[in-house]
Amino acid sequence: MNWTSFIFGKLSWSVFPTSPIAIGGAVFMVVVGLSLVTYITKRGHWKYLWHEWFTSLDPKRIGVMYILVASVMLVRGSADALLMRAQQATSVGASQGILSPEHFQQIFSAHGSIMIFFVAMGLMFGLINLVVPLQIGARDVAFPFLNSVSFWLFVAGAALINVSLIVGDFSTAGWLSYPPLSELAYSPTSGVDYWIWSLQIGGLGSLLSGINFLVTIVKMRAKGMSWMRMPMFTWTVLGAMSLVVFAFPILTVTLTLLALDRTLGMHFFTAGGGGNMMMYINLIWAWGHPEVYILVLPAFGIFSEVVSVFSAKKLAGYTSMVFSSIGIVFFSFVVWLHHFFTMGAGADVNAFFGIMTAVIAVPTGVKMFNWLFTMYRGRIRFESPMLWFVGFVILFTLGGVAGVILAEPAADYQLHNSLFLVAHFHTMILSGVLFGYFAGITYWFPKIFGFTLNEKYGRRAFWCWFVGFILAFGPLYILGFMGATRRLDHYDASLGWQPLFIVAGIGAVIIMFGLIFQVIQIIVSIRERHQHRDLTGDPWNGHTLEWSVPSPAPSYNFAVLPVVHSRDAFWAQKDAGMKSPIEYTDIEMPKNSALGIFLAALVGLAGFGIVWHIWWLVTVGILGAFAVFIVRTMDDETEMIIPASVVHAEEERLQFRGVHSR
Amino acid sequence: MQKKSDYSFVACILDNYMNTQTHNSEHEQVEVHTGSTTLFGFWVYLMTDFVLFASLFATFAVLRGNTFGGPGGHDIFDLHFVLIETIILLTSSFVCGMTLLAARRGSVPRVLMGLVTTGLLGATFVFLEVSEFVKLVASGNGFDRSGFLSSYFTLVGTHGLHVALGLVWLIVLIGAVLSRGLSESTMRKLLLWSIFWHFLDIIWIFIFTIVYLLAFT
Amino acid sequence: MVSPYQAIPVLHPQGPVALAELHVIGITLLLSSIIVVPLFIMLAVFAWKYRIGNTKSAREHHPRWDHMNPLFEFAWWLVPAIIIVMLSVVAWVSSHQLDPYVPLVGTEAPITIQVVALDWKWLFIYPEQGIATVNMVEFPAGAPVHFEITSDAPMNSFWIPALAGQIMAMPGMQTQLNVLASNPGEFRGVSANLSGAGFAGMNFEAKAVSEDDFSAWIASVKASSPTLTRDSYQTLAVTSSNNPITYYSMVDSSLYTSIINSYMTPQDASTSTDGMNMNDMPMGTMTP
């Protein structure tokens with residue numbers, strides 16, 4: 001081995017993109033990144049960002065950063081989507097569209113991977129960080145340093161998948177990289193390796209967060225907050241974190257085994273050599289199905305909060321909501337085979353999993369009815385969080401019907417891997433997960449930032465998403481019946497599919513306008529923040545504890561830890577109207593730490609090294625990460641004290657913003 | 001409370017509307033989290049490790065017959081060798097238990113002796129396992145020979161890797177005991193480490209049974 | 001020009017299997033509407049009646065109202081549960097009746113065709129007739145067609161939407177699909193699983209003809225075309241896409257088996273079963 005290949009591994013000058021669109025994407029990303037760095041440097045903001053944000057262990061700060069990174073990744077994933085729609089609307093008959101087949105396949109693989117792992121998971125953990133400690137009456141999560149590590153691992157994973165746009169290529173094997181297509185024999189380039197390691201690194205962050213929030217909810221609830229007094233959002237997060245803890249290790253193993261096949265020539269999933277590709281599919285979906293419930297359960301929780309507050313009513317059927325969530329958690333582990341009914345497992349096995357899949361529709365249906373009954377005899381304010389909810393009910397129900405159809409194995413034989421399937425899962429994820437998170441962001445924004453979002457642009461964004469969605473995915477349901485499979489980069493003109501693809505393309509553009517309105521909403525809201533200040537800490541007349549602290553919430557959340565006597569604890573406090581004198585005490589909070597950043601950076605570098613076989617970099621990265629971790633464990637002085645006098649002063653300062661009753 | 005800096009528009013928003021951290025000079029540290037939270041968190045982590053091993057066991061079960069014309073378990077395993085490995089690891093767990101008892105009684109020298117002994121036994125286990133692997137690779141039955149061998153090396157190797165990491169942790173622990181004695185924080189770390197060590201022992205029993213013993217039935 | 005029938009094949013089945021599968025789709029849709037229609041009505045009524053602008057419903061506002069009469073609550077657990085039970089019965093019965101491995105009964109004699117998915121075309125081998133075709137499969141209308149399917153490429157999925165559902169095609173393994181075309185016609189076949197760059201071009205023509213026309217077609221193929229030996233198969237298997245329809249007048253009868261066997265053991269396997277491990281074919285039948 002010569003020195004060049006030792007230092008640079010498989011890197012060479014040919015790793016840079018050559019097609020115009022790929023070059024354009026890479027250049028755009030580099031330019032935006034450099035501009036941002038230049039702007040921050042010129043304004044001298046690095047110190048502020050480092051001390052107030054990057055090294056912060058405050059989950060509210062970490063939560064905001066998660067949502068920002070996820071939003072950036074949403075832009076990238078949406079750009080992928082628009083390119084895909086453009087290709088499929090134009091690549092008919094003699095025309096080959098705007099992308100080569102290989103490029104198109106990279107784009108849809110990146111689109112799915114980014115949207116699930118870096119947009120949906122990022123938004124979810126962002127909201128969980130922002131809200132859960134406040135909702136349970138705690139000051140922080142169970143393991144604050146681990147929280148920072150989780151976030152920075154998420155960033156490292158996202159960074160790696162973005163680097164693939166500039167250096168090397170990305171996987172062409174779809175967002176789940178089925179073997180043997182994803183094995184070295186059929187995917188010899190760096191693409192699948194980037195997929196493996198960006199997901200592995202991001203997934204590790206998710207697993208650590210799962211442990212963190214599970215322990216937080218179990219161990220750190222306010223005094224008196226028994227299980228059946230927890231807010232619904234916290235319950236669904238508990239369910240989701242339980243799923244994370246059980247499902248993500250399966251992903252870790254599966255990605256590792258594929259990596260071992262590709263890097264060390266093993267034969268877990270190869271064609272021949274004693275590999276069994278069906279094992280991969282079972283393992284990846286044993287993770288994959290719980291994953292979609294991980295994403296949607298917190299969204300259900302958000303809707304429970306939003307519907308009850310915006311209908312000025314208690315949530316209907318709290319008990320059955322709790323038990324249906326628990327039911328969903330258990331059942332999500334016995335349905336995974338419905339993702340591959342067509343793999344030939346036989347009628348008995350297929351029927352069993354089909355039945356289990358239909359069963360899991362029951363608790364979801366129960367939730368729907370309970371939400372509607374929450375609206376019953378309420379005083380409903382149709383502000384944008386409630387609009388997102390109504391859009392969700394309409395679309396998610398229809399998508400759910402499609403899901404029940406697909407749950408029948410015999411029906412699935414005709415619809416599997418068609419655009420009907422694609423339409424179904426996009427319906428669930430957009431109208432369920434994304435609409436829910438959008439509603440949550442709007443709902444909790446004032447608690448974090450101290451002012452509400454501009455409602456006009458919020459409504460415009462909603463209508464663009466809603467109408468855009470129907471136009472973008474309605475045609476896909478029809479195309480599935482027309483025999484159109486997914487992931488096609490070209491089709492015959494005689495099939496009559498093009499008009500439908502054009503409509504779908506228009507829908508995607510309308511969704512893009514929805515995104516643009518959301519960006520405008522943020523900008524306008526910041527400009528108008530003084531008109532929309534949240535002076536009371538309770539802008540929506542909320543029910544739960546997060547609304548009992550001032551807006552924006554102080555770093556320590558509660559000056560005095562609350563004691564809970566019932567469900568909807570804040571509503572109860574407001575009813576009781578108690579204004580007992582407040583006894584301020586010293587508050588202990590974690591100190592900032594840069595070690596999370598260093599650890600994640602080293603892991604990220606190791607990931608890059610594995611992709612390009614730069615073994616010295618892998619060694620340095622892994623050993624370095626371990627060293628950082630050990631250094632942290634030896635540090636016994638990780639906390640700092642906020643003296644009672646300081647807390648008192650801070651509370652007074654926040655009080656002067658407006659009346660605040662406790 | 002407000003930090004004074006030269007803020008621009010965006011920074012102003014973020015600073016004013018999300019309260020800045022209240023940084024203070026260091027006071028003496030106080031344990032925020034009760035030990036029970038850390039302990040519970042560690043059990044949850046162990047549960048994830050258990051799922052990880054379960055996935056590897058499931059993969060092994062599916063691939064154990066995929067020898068692709070090469071040797072199966074009964075061809076390459078030496079049960080006597082495995083028995084020695086097992087005795088060594090089980091003994092190390094026993095010594096680990098005794099070490100925790102000594103720690104409760106506050107005897108630093110005994111604790112150090114116990115930790116070092118456990119470590120030596122663990123290191124011997126790892127050495128034996130690595131030599132078994134090297135032998136297999138040298139004889140042309142490496143992890144790239146067949147699906148069975150890939151899954152064998154990976155399952156047993158993952159366990160071995162966990163043991164090796166446990167040894168690294170042990171070294172750090174010994175350092176902590178030497179420098180800080182049996183403080184509350186060191187005791188807690190000792191407890192966590194010993195739970196981890198026993199967990200690895202239990203996994204080994206599964207491996208011993210499912211991988212090695214079942215190869216001969 | 002594509003006729004409306006061909007344009008939406010799943011809704012216009014041309015064989016009993018696809019027809020039965022469409023019925024399952026229909027029944028499921030109907031049963032689901034029992035839940036969905038009332039749900040949408042409730043949404044519309046509640047959203048309208050209880051909106052804050054409607055002063056008429058203000059008197060009804062009951063902030064603490066959080067559960068119905070338990071009997072009512074039981075009903076909306078029960079009704080969906082009953083529907084799920086019905087759907088479960090449908091799932092059990094239809095999964096067994098429409099199991100792709102179950103042979104069909106038709107008006108003509110059954111025919112076996114072996115299918116090999118390649119990069120990026122479909123090879124059809126007729127073991128009984130001794131011919132082979134690429135990207136085109138012809139069979140008698142009314143005859144139960146028994147497809148035995150494998151792949152010498154990544155995972156694919158064999159699908160003729162107008163006739164039946166799909167089944168995966170995997171290297172080193174065999175799956176089966178039984179289809180029957182009720183009447184003569186031409187149908188589109190595709191691969192429904194991503195298998196690489198040329199995957200979108202992996203279309204084939206499925207043609208059902210009368211028994212007489214079928215015999216004539218066999219005869220004409222046997223008379224004229226090149227032969228498919230092991231060597232010419234290796235040439236065919238080389239990566240290519242958008243292959244034209246090709247016919248082979250003779251094919252090595254052990255070719256299909258040898259393709260599957262090539263994934264089983266390191267050396268090139270003959271027709272013997274040496275080294276073939278039952279565990280390597282967990283689904284589908286053993287090849288003879």
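Chain A splits into domain 1 (18-54) and domain 2 (55-593 + 638-655). Keep in mind that this is a predicted model.

**How the two domains of chain A meet**

- Taken over C-alpha atoms, the centres of domain 1 and domain 2 of chain A sit 26 Å apart.
- Each partner is listed with its own count: 12 residues of domain 1 of chain A and 12 residues of domain 2 of chain A take part in the contact.
- On the domain 1 side, the elements giving two or more residues are α2 (20-43) and α3 (46-54) of chain A.
- Of these, α2(A) gives the most to that side, with six residues.
- Sorted by class, the side of domain 1 of chain A that touches domain 2 has eight nonpolar, three polar and one charged residues.

**Chain A as a whole**

- Chain A's secondary structure amounts to 21 helices and two strands.
- Its radius of gyration is 25 Å, close to the 26 Å that the globule rule gives for 662 residues, so chain A is as compact as a globular protein of that length.
- Along the principal axes, the C-alpha atoms of chain A fill a box of roughly 75 × 60 × 45 Å.
- Of the 662 residues in chain A, 65% are buried.
- If you take the contacts in chain A with a separation of 6 or more, 83% of them come from residues 24 or more positions apart.

**Where chain A touches chain C**

- This contact takes 74 residues from chain A and 76 residues from chain C.
- On the chain A side, the elements that give two or more residues are α5 (101-135), α9 (277-310), α10 (318-331), α11 (347-359), α12 (361-375), α13 (384-407) and α14 (409-415).
- The largest share of that side comes from α12(A), with nine residues.

- The domain assignment here gives domain 1 (9-59 + 66-97) and domain 2 (111-272) of chain C.
- Their centres, taken over C-alpha atoms, are separated by 42 Å.
- The contact takes nine residues from domain 1 of chain C and 12 residues from domain 2 of chain C.
- On the side of domain 1 of chain C that touches domain 2, there are six nonpolar residues, two polar and one charged.

**Two helices worth a look**

- Helix α5 (residues 108-138) of chain B has 31 residues and reaches 44 Å from its first C-alpha to its last, close to the 45 Å expected at 1.5 Å a residue.
- Buried in α5(B) are B:Val111, B:Gly114, B:Leu115, B:Thr118, B:Leu121, B:Gly122, B:Phe125 and B:Glu129.
- An α-helix has 3.6 residues a turn, so residues three or four places apart point the same way.
- The buried residues of α5(B) pack against α4 (79-104) and α6 (147-180) of chain B.
- Just after α5(B) comes B:Gly140, with a positive phi of about 85°.
- Over in chain A, the 27 residues of α16(A) should span 39 Å at 1.5 Å a residue, and the end C-alpha atoms are 39 Å apart, which agrees.
- Following α16(A) is A:Gly483, whose phi is positive, near 85°.

- Most residues other than glycine have a negative phi, and most peptide bonds are trans.
- A:Arg487 is not a glycine, yet has a positive phi of about 70°.
- You'll find A:Arg487 in the loop between α16 (455-481) and α17 of chain A.
- A:Arg487 counts as buried because 22 other C-beta atoms lie within 10 Å, and the cut-off is 20 or more.
- B:Phe68, also not a glycine, has a positive phi of about 50°, and its place is in the loop between α2 (35-63) and α3 (73-76) of chain B.
- With 22 other C-beta atoms within 10 Å, B:Phe68 is buried.
- A:Pro179 and A:Pro180 are joined by a cis peptide bond, with omega about -5°; A:Pro180 is in the loop between α6 (144-163) and α7 (191-219) of chain A.
- Another cis peptide bond joins A:Ser551 and A:Pro552, with omega about -5°; A:Pro552 is in the loop between α17 (498-527) and α18 (569-576) of chain A.

Definitions and conventions:
Residues are numbered from 1 along each chain as its sequence is written. Chains are lettered from A and ligands numbered from 1 in the order in which they are written. This is a predicted model: local features need pLDDT of at least 70, side-chain atom pairs count only at pLDDT 80 or more; totals for chains, interfaces and linings use all residues. Helices (H or I, at least four residues) and strands (E, at least two) are DSSP runs, numbered from the N terminus. A residue is buried if 20 or more other C-beta atoms lie within 10 Å of its own, exposed if 12 or fewer, and partly exposed in between; C-beta atoms are placed from the backbone. Domain bounds come from an automatic or database domain assignment. Two residues are in contact if their C-beta atoms, placed from the backbone, lie within 7 Å. Ala, Val, Leu, Ile, Met, Phe, Trp, Tyr, Cys and Pro count as nonpolar, Asp, Glu, Lys and Arg as charged, and the others, Gly among them, as polar. The expected span of a helix is 1.5 Å times one less than its number of residues. The radius of gyration is taken over C-alpha atoms; the globule rule is 2.2 Å times the number of residues to the power 0.38.
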